[in-house]
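Student: I would like to go through this structure term by term. For each label, please tell me what value it rests on.

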Amino acid sequence: MTSKFYELIEHTADIGLRVFGKDAEGLFTNAATGMFDIIAKKKAGSGQPKTKARFFDIELKARNREELLIAWLSELLSLSDVHKIIFNRAHIQQLTPKKIKARIGAERITEHTYQLNTEIKAVTYHQLKIAKRKGRLQAEVIFDV
Amino acid sequence: MCKGRLEKIDDQRWRIPMDYKPGMRVEGIVYTNEKLLQGLLKDKALEQVANAAFLPGIIKYSLAMPDIHWGYGFPIGGVVATDIDKGGVISPGGVGFDINCGVRLLSTGLFYEDVKNKLEDLINNLYHNIPAGVGSKGQIRLKLADEKKLLTKGAAWAVENGYGVKEDLEATEEYGRMKEADPDQISKRAYERGREQSGTLGSGNHFLEIQKIDTIFDEKVSRQLNLSKGQITVMIHTGSRGFGHQVCSDYIKLMLECLRKYQIEVPDRQLACAPVSSPEARAYLGAMNCAANYAWCNRQILMHITRGVFEKCFRTSWEKLQMNLVYDVAHNMAKIERHVIDGQQKQVCVHRKGATRAFGPGHPELPSRYKAIGQPVIIPGDMGRNSYLLVGTQKAMDETFGSTCHGAGRVKSRSQAIKTLDQRDILRQLQEKGIRVRTASKQTICEEAPQAYKDVNEIVDIVHNAGIARRVCRMRPLAVIKG
């Protein structure tokens, strides 16, 4: 998971992401990666106690693909806030413009695992758009921080 | 937006005409000055003032306070009122995710000479005792039934449970409790997110600050508030934490359905809304009021912890230290209020998104102690400059639905601030000014640097000169905890 799959958008008060994906699955996965990269940075180094991976099964519906993307990110964000975890892997089992079904893996946030940087309060619908550009899908999402 | 589309009304107000964008139902009015206007023309904040003018039932104008900056949907610093009897809507985006984010100001009987040798001790102990930063947890754990009581009673729940005294409630907007809170409208996820976050400061621009009054503008009002030059104050800025964020997220999703159901067209999905009289809007109001109560309870608990730290440090009671609450104001709220519109009393839904209520003298909703002077208005600045205490005015009632600005307003994005500023330089500059800073995240130092904000002095000049709030006194920071 590297930053070439997304870039930050300048926004005066908040933070935005421009996300790319070769298909919808890639777009949804990269958007999640970008969001959690804003929230926290994995700590490097060895000898740290390992935390047990946790898995969540998610199934969400929305009116269209754009609103589904926001529903997806919002769900991951709120689960992360409740369980104090960072999602670091996603296995998308089904993705249509109106439905997503996925099994996602997460790691607990401890002083050894992650450096927390930014609290994202919520995922907004502001300027939300998904478009096809140069053979790739591109989405823009603004987060309230 | 190009300047040519704006019409100057006077030195503090510019008009966005209704024909700026087809679909605007009223014009926009922006409180600013020539200098700040140049900055506003560079991003989308003014466009958002025009977008908010699309909301069904909007009355008079879409307003922007001088600390306006680009938000999402509504601008930050936006005020919109809608006519409930004429299909007026409520929009969760017009309140924001941090429902009842707000500020409270405590006065003390202490002066700079009393605290100067204890500041290090005070700030370290406050930092140790106040949970701050991303993912911080509070000490309060409640069963669902008790959580519902907290959501219904707000700051009064805190007082009933030993966090403060009854007099604090009288010095809190709405007495710290929105009566129409309905815990049954809260999702399971919102309960889960809120469970461990009561009594936490949060992160980003939330802070706790020990300050000194450095300028008195209105001797008479200051005297009435027992405030004088050199006196120590404490300011707390936080909101409804993850609980409020989830409530807003839940209801924006619902309101997107309402756009279709009630055939409402808005230029940005984040402006999703429903008629105030609809069942969806009623449900949102019930939930939003719970979040507002959560936030007032949160600030009440944080104030209680603060009093405790001062008690330990000075080895005497907070009552003897005269640590009294001056006032607590919300700056992200929608409320059903009565206002005079074209000479007639009307019930309207006032959205204040990054704006403060500023009711003038004599308003029936003010407690007796503030009836004569008007509602105290607390305006925090950035951590290197100043903060202000003002009072509401009749002119605010007449022009802005009893509203004024809420802070300095960002001028630099967070990523720009991180890229261009060095946290060591900022800390050194603050230290040279005698300001101590404790923060959970080094990144916050850059993001929240004074250079990232407009000068609050300039913002307050505008609202004072426009007459939509009146300066009482100015504080400067001595020690700051940032989340």
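Predicted model: local features only at pLDDT ≥ 70, side-chain atom pairs only at ≥ 80, totals over all residues.

Student: What makes chain A agree with a compact globule?

Tutor: The radius of gyration does. The rule of 2.2 Å times the number of residues to the power 0.38 gives a value near 15 Å for 145 residues, and chain A has 15 Å, so the chain agrees with the rule. Along the principal axes, the C-alpha atoms of chain A fill a box of roughly 45 × 35 × 25 Å.

Student: What share of chain A counts as buried, and by what test?

Tutor: A residue is buried if 20 or more other C-beta atoms lie within 10 Å of its own. By that test, 43% of the 145 residues in chain A are buried.

Student: Which pattern does chain A follow along the sequence?

Tutor: The pattern is β-β-α-β-β-α-β-β-β-β-β-β, which comes to 2 helices and 10 strands.

Student: Why is the sheet with β4, β5 and β6 of chain A called open?

Tutor: Look at its ends. The order is β4-β6-β5, with antiparallel pairing. β4(A), residues 54-61, and β5(A), residues 85-96, each have a single partner strand, so one side of each is left without a neighbour in the sheet. Neighbouring strands are turned by 20° against each other on average, direction ignored.

Student: How do you know that β5(A) and β6(A) are paired?

Tutor: Pairing needs at least two bridges between the strands. β5(A) and β6(A), the latter covering residues 99-108, are joined by 10 bridges and run antiparallel, so they meet the test. One of the bridge partners is R103(A) in β6(A), which faces H91(A).

Student: Where do the helices of chain A sit relative to this sheet?

Tutor: α1(A) packs on the sheet and touches β5 and β6 of chain A, with its direction at about 165° to that of β5(A). α2(A) lies across β4, β5 and β6 of chain A and runs at about 145° to β4(A).

Student: What describes the packing of α1(A) on α2(A)?

Tutor: Two packed helices are described by the angle between their axes and the distance between the axes. For α1(A), residues 24-39, and α2(A), the angle is about 40° and the axes are 10 Å apart. The crossing is right-handed.

Student: Which residues make that contact, and how do they divide by type?

Tutor: From α1(A) come A24(A), F28(A), A31(A), A32(A) and M35(A); they meet R65(A), L69(A), W72(A), L73(A), L76(A) and L77(A) of α2(A). The division is 10 nonpolar, no polar and 1 charged.

Student: What does the globule rule say about chain B?

Tutor: For 483 residues the rule gives a value near 23 Å; chain B has 21 Å, which agrees. Its C-alpha trace spans about 60 × 50 × 45 Å along the principal axes, and buried residues make up 60% of the chain. Chain B has 17 helices and 19 strands.

Student: Why are β1(B) and β12(B) called edge strands?

Tutor: They belong to an open sheet of 7 strands in the order β1-β2-β3-β4-β5-β13-β12, with mixed pairing. β1(B), residues 7-10, and β12(B), residues 332-341, each have a single partner strand, so one side of each is without a neighbour in the sheet. The twist averages 35° from one strand to the next.

Student: How many bridges join β12(B) to β13(B)?

Tutor: There are 10, and the two strands run antiparallel. H339(B) has K346(B) in β13(B) as its bridge partner.

Student: Which residues of α5(B) are buried, and what covers them?

Tutor: In α5(B), residues 144-153, the buried ones are E147(B), L150(B), L151(B) and K153(B). Their cover includes α6, α8 and α11 of chain B. G154(B) follows the helix and has a positive phi, near 65°.

Student: How many residues of the two chains are in contact, and at what cut-off?

Tutor: Contact requires C-beta atoms within 7 Å. On that basis, 27 residues of chain A are in contact with 35 residues of chain B. α2(A) gives the most to the chain A side, with 5 residues. That side divides into 11 nonpolar, 8 polar and 8 charged residues.

Key: Residues numbered from 1 in each chain as written. Chains lettered and ligands numbered in written order. Helix = DSSP H or I, 4+ residues; strand = E, 2+ residues; numbered from the N terminus. Nonpolar A, V, L, I, M, F, W, Y, C, P; charged D, E, K, R; others polar. Axes fitted to C-alpha atoms, helices over the stretch in contact; angles between N-to-C directions. Left-handed = near helix turned anticlockwise from the far one by under 90°. Buried ≥ 20, exposed ≤ 12 C-beta atoms within 10 Å, placed from the backbone.
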